[in-house]
Amino acid sequence: MNLSLLQSAAADNRWAALFPELPLALLALLLLVLEIVLPKRQHRSIPVVAILGQLALLVALLVNLRGGMTEQLTFNGLIRHSPTGQFFRVLFLVTSLLVSLLGVVSLARQRMPRVEFFHIVMIVSAAMMLLVQSHHFVMFFVALETVTVGFYILVSYYRTNPLSLEAGLKYLVMGALSSAMLLFGIVLLYGAVGNPALAPSGLAAGAMDFASVRQFLLAHPDNFLAQVGIVLVLSGVAFKIGAVPFQIWVPDVYQGAPTPITAFLAVGSKAAGFGALVVLAGVFAPCKSLVIPVLSVMAGATILFGNLAALTQYNVKRLIALSGVSHAGYLLIGVIAAYYDPAALSGVYFYLIAYLVASFAVFGVMTHVSGENEADQELEHYADLARTHPFLALVLVIGLGSLAGIPPLAGFIGKLMIFLAAFSAGLYVLLGIAVLGVVISIYYYFGWIKAACFSAWRLPAPAGEAAAGLPRTPVAWPARVTLGTLAVASVVLGLWQGPLIGWLLAR
Amino acid sequence: MTIGLNDYITLSVILFALGFLGVLLRKNTLVIYMCLELMLVASTLALVAFSRFHGMLDGNVFVFFILTVAAAEVAVGLAIIVALFRRRQTVQVDELNALRD
């Protein structure tokens, strides 16, 4: 290896192209430095720095939105920049910002170190951005593992609470198992793609580059080793999005984790999984005859399981976890439909936006209603919410209505776009299952709304005792502004989504 | 007798299957954790064998990344297991069932 070769390799490292990722990671490091440098009584300002810093990054990213959209490969083909990548960058930055805001509310009730929470949330968000833009299996694996290991820590963050730790352990075992399966799948694909006997002309970019894998699958779509590899890689990704049969961790981990982290898992981890799945679906496109049946069975089973299991839940965190499983099923239908018509992906992206907005509205309310033990949030704790906290109840109703897909709200448009794509792709069986799932889901979402809006009969409190119920956290103005914006966004995106859909379609 | 690619891959698949079954069947969290590491090592073995027989180095380089990731995973995982043991005085999976329907 001579010097000029190294120089030409280094010339491809365009650090400026990693705009939101690199500053986000640096901001995360800055928080740790601030914790060392600042005197103890000024530590309260560190979360403010985290939130304002992310807000500034978001504004800078939106101003420069067009600039990062040119399709190009950087870092010797490790990263592929694209408009889709730019979309996911915005999505993950918004997620990270909202998780930090909820984190402030939730951490105020705990005696825990604060700074590391924001640090890890930001590092994980940066890794998610890299994950959906990766163009090489090494980059893919390392980014995915950064996300996963970060989530192990975040899920068990409230380490004085045994439930949080138990959830962390369950996520650890399941996450490591899925990573190992994904890794073995990558190795088998590498073994097939790199085989000199099958690709005599040699590979330009190495056997783990996505372009090489796709080129190999075009030439040998029924290579047995590669097919086993594809199924294992898809299984690993299915763990992340919580699709059946890899959903067993979802209710337990969502219940035990701190509520802001539950939101991060539900929105961020799922969106990252779908971003990765969309990239991989393109790479594996030559093996359609294998991938489509696998994903279709997963999608149907996921929708039915998620909705039926959510029917019997009284703990709201388990309920939202299982309903999240069913949302993964609807999104999977969109990914399958994209094999017949690539425009279906805009439906998937719009659904992700609507899901983000609605979920964070609901999780924001959950964070405020919860007590110190965040695993213990039952439907009955929501009794009389509409009377005591009309603002929270209104946000909750809009969020849940959007998740259920009630017409004027954003969730309805998302479902409509995916169902229309499925209809024009001819996926009638899946479409039937999905419509059935939506009907079932209305039952449990409205059960929750009913618990919050209509007062149930209770034993009158004995004289001299305060009325039963959890000490609800008062809503501070930043949370009020955020929740209000999310609720308004759900309504506005439902009524008027012209430019957004135009932009999503034009990509 | 020469040892060929197939022998390495067979060994790797056997190790992977042993690890997988261990995760599903064993009850002690630490043993489960060792089985998870066994699965990673099985992948590494196959990767090195493929890399050698393809005559390319990129597989060997990937092994370093896998080792680093595995080390990070162990550091976090053992910390969680120790913290859990301090709270619950057990690492048996069937006794850690506070979260369920």
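Student: Before we look at the helices, what makes a crossing left-handed?

Tutor: A crossing is left-handed if the near helix is turned anticlockwise from the far one by less than a right angle. Keep in mind that this is a predicted model; in it, α6(A) passes α11(A) in a left-handed crossing.

Student: Ok, and at what angle do the axes of α6 and α11 of chain A cross?

Tutor: The axes of helix α6 (residues 137-155) of chain A and helix α11 (residues 259-283) of chain A cross at roughly 170 degrees, and they come within 11 Å of each other. Because angles over 145 degrees count as roughly antiparallel, α6(A) is roughly antiparallel to α11(A).

Student: Which residues meet there?

Tutor: From α6(A) there are A:Val147, A:Phe151, A:Leu154 and A:Val155, and these meet A:Ile261, A:Phe264, A:Leu265, A:Ser269 and A:Ala272 in α11(A). Sorted by class, this contact of α6(A) with α11(A) has 8 nonpolar, 1 polar and no charged residues.

Student: What about α4(A), how does that helix pack on α11(A)?

Tutor: Helix α4 (residues 83-107) of chain A packs on α11(A) at an angle of about 170 degrees, with the axes 8 Å apart, which means that α4(A) is roughly antiparallel to α11(A). The residues making the contact include A:Phe88, A:Leu91 and A:Phe92 of α4(A), and A:Ala263, A:Phe264 and A:Val267 of α11(A). By class, the contact of α4(A) with α11(A) has 10 nonpolar, 6 polar and no charged residues.

Student: Switching topic, which residues have the most contacts inside the largest nonpolar core?

Tutor: They are A:Leu131, A:Ile333, A:Val357 and A:Ala361, in a core of 213 residues. Leaving out residues up to four places away in sequence, A:Leu131 touches A:Phe140, A:Ala143, A:Leu144, A:Val147, A:Ala272, A:Gly275 and A:Ala276.

Student: And A:Leu319, buried or exposed?

Tutor: A:Leu319, which lies in helix α13 (residues 316-337) of chain A, counts as buried because it has 25 C-beta neighbours inside 10 Å, where 20 or more are needed. Apart from residues up to four places away in sequence, A:Leu319 touches A:Ala310, A:Gln313, A:Tyr444 and A:Trp448.

Student: Last one: how many residues does each chain put into the contact between A and B?

Tutor: Chain B gives 34 residues and chain A gives 35 residues. On the side of chain B that touches chain A, α1 (5-25), α2 (29-54) and α3 (58-88) of chain B each supply at least two residues, and the largest share, 16 residues, comes from α3(B). By class, that side of chain B has 23 nonpolar, 6 polar and 5 charged residues.

Notes:
Residues are numbered from 1 along each chain as its sequence is written. Chains are lettered from A and ligands numbered from 1 in the order in which they are written. This is a predicted model: local features need pLDDT of at least 70, side-chain atom pairs count only at pLDDT 80 or more; totals for chains, interfaces and linings use all residues. Axes are lines fitted to C-alpha atoms, for helices over the stretch in contact, and angles run from 0 to 180 degrees between N-to-C directions. Helices (H or I, at least four residues) and strands (E, at least two) are DSSP runs, numbered from the N terminus. Angles under 35 degrees count as roughly parallel, over 145 as roughly antiparallel, 65 to 115 as roughly perpendicular and the rest as oblique. Two residues are in contact if their C-beta atoms, placed from the backbone, lie within 7 Å. Ala, Val, Leu, Ile, Met, Phe, Trp, Tyr, Cys and Pro count as nonpolar, Asp, Glu, Lys and Arg as charged, and the others, Gly among them, as polar. A residue is buried if 20 or more other C-beta atoms lie within 10 Å of its own, exposed if 12 or fewer, and partly exposed in between; C-beta atoms are placed from the backbone. A nonpolar core is a set of buried Ala, Val, Leu, Ile, Met, Phe, Trp, Tyr and Cys residues joined through C-beta atoms within 7 Å.
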